[in-house]
Each structure stands twice: as structure tokens, then as C-alpha cells.
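Have a look at the fold first, then read on.

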Amino acid sequence: MADEERDLIEILEENNPIDTNKYTRYVRSPKCGAIATFEGTTRDTFEGKEVLELKYEAYVPMAIRCLKTLCSSARASWDIHSIAVAHCLGTVPVGETSVFVAISSVHRADALDACKFLIDELKASVPIWKKEVYTNGEVWKENKEFIERMPDLGKTSHDQAGACSGKKKVEAHERKSCCGTKVKVNDETSDSCS
């Protein structure tokens with residue numbers, strides 16, 4: 001089976017909650033000794049404000065293309081068996097899951113590092129937008145990963161494009177993560193997902 005055939009990517013329409021067991025079962029294999037997961041949920045407060053819910057919107061065709069590119073980048077850097085990524089659109093109440101990533105590999109370090117890479121890159125570059133709804137208002141939020149990636153938001157340079165812009169080069173950082181070196185992703189092309 002080709003690598004991309006072991007990738008399950010789903011953007012779920014409103015009122016379709018993420019079934020984390022479905023995605024964990026998808027990546028499970030007797031060949032693998034590790035399954036790493038990340039489950040992003042709606043918290044009840046942010047900077048002292050009471051959060052009622054989150055609302056997500058996306059440009060779905062581009063989001064799926066970007067997620068496929070991220071999966072390919074992860075496979076190029078780590079020995080991965082299967083990947084599953086799901087993200088909800090619409091309203092996600094407090095305590096509910098909005099995003100889920102599951103990755104299986106023979107050894108835990110590959111699964112853990114690739115899982116962190118995928119969620120960080122998803123938040124930094126995939127065209128999915130989040131609105132936080134508070135008891136006293138609402139605001140569209142930029143993820144800190146996006147802001148860190150875009151130091152000068154006034155520039156339109158292709159050098160600052162997100163992870164979905166094409167082939168990526170993954171370099172090791174000197175700092176260590178819990179499972180090994182952290183990664184830095186650099187574009188090697190100036191193409192975008194569009």
C-alpha cells in the first residue's frame with residue numbers, strides 16, 4: 001500500500017463530532033509498537049475570559065491539500081506506518097474535540113515527534129480559522145504558531161509561506177524535545193497551495 005493510502009484526512013462538517021476511536025483504530029497495526037495522538041479540545045477560559053464555544057471555518061479543498069503535504073513531509077522525516085488527521089468545522093462546545101491527530105510507527109520517538117510536527121504545522125499553515133465566543137463577545141484568533149511563522153505580517157514574500165506551499169526541508173534544532181530533536185521546516189519552493 002502506498003504511503004498516501006495509509007493517510008486518513010477528514011474535515012468534518014458541523015454537528016459531526018470527532019470519533020477518536022475511529023482514527024486510533026485506523027492507524028493501529030501489529031507492525032507498530034507505538035501510537036501517538038493529540039486531541040485538541042475547547043477550554044472554558046482564555047486570558048481570564050469565559051469561553052462559551054469555538055467556531056471553525058475552512059477553505060476545505062486547500063486545507064486537505066495542505067494536510068496531505070504535511071503528511072508527506074512527516075513521512076520524509078520519520079518512519080511512520082499510518083497517519084489520521086481530523087478537524088471539525090462549525091461550533092465546538094467547551095470540552096469537545098476540535099482536532100485529532102493519530103500516528104503509528106514501529107518505535108515511539110517517530111510517532112511522538114511526527115505527531116507534534118503535524119499539529120504544530122496544521123495550526124501554523126492550514127487554512128482553518130477559529131473564532132472564540134466569550135460571554136462578553138467574540139474574536140477571530142490567530143494561532144501562536146502562525147504568528148511565530150510570520151514575523152512581519154505586512155510582507156507577502158513567498159519565503160514566509162506556510163507548510164502547504166510545497167516540498168519542505170526539515171532540519172534538526174539543537175534543543176531537544178521529549179523524544180529527540182525538535183524540527184524546523186523550511187520551504188524549498190516558492191509555490192503555494194492555490
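Predicted model: local features only at pLDDT ≥ 70, side-chain atom pairs only at ≥ 80, totals over all residues.

## Strand 1 and its partner

Strand 1 and strand 5 (residues 82-88) run parallel, with six bridges joining them. Strands count as a pair once DSSP finds at least two bridges between them. Within this pairing, leucine 12 sits opposite cysteine 88 of strand 5.

Strand 1 itself covers residues 7-12, and five of its six residues are buried (under 20% relative accessible area with a 1.4 Å probe, protein chains only).

## Where this comes from

Residues are numbered from 1 along each chain as its sequence is written, and side-chain values use heavy atoms, with hydrogens and water left out.

## The whole chain

DSSP runs give four helices (H or I, at least four residues) and 11 strands (E, at least two). Of the 194 residues, 43% are buried. Take the contacts (heavy atoms within 4.5 Å) between residues at least 6 apart in sequence: 68% of them join residues at least 24 apart.

## Confidence

Mean pLDDT (the predictor's confidence in each residue, from 0 to 100) is 82 for the chain, with 72% of residues reaching 70 or more. Over residues 154-163 pLDDT is below 50, and this stretch has 17 contacts in the model beyond near neighbours in sequence. Residues 171-194 also stay under 50, with 58 contacts beyond four places in sequence.

How values were computed:
Buried < 20%, exposed > 50% of the residue type's maximum accessible area, 1.4 Å probe, protein only.
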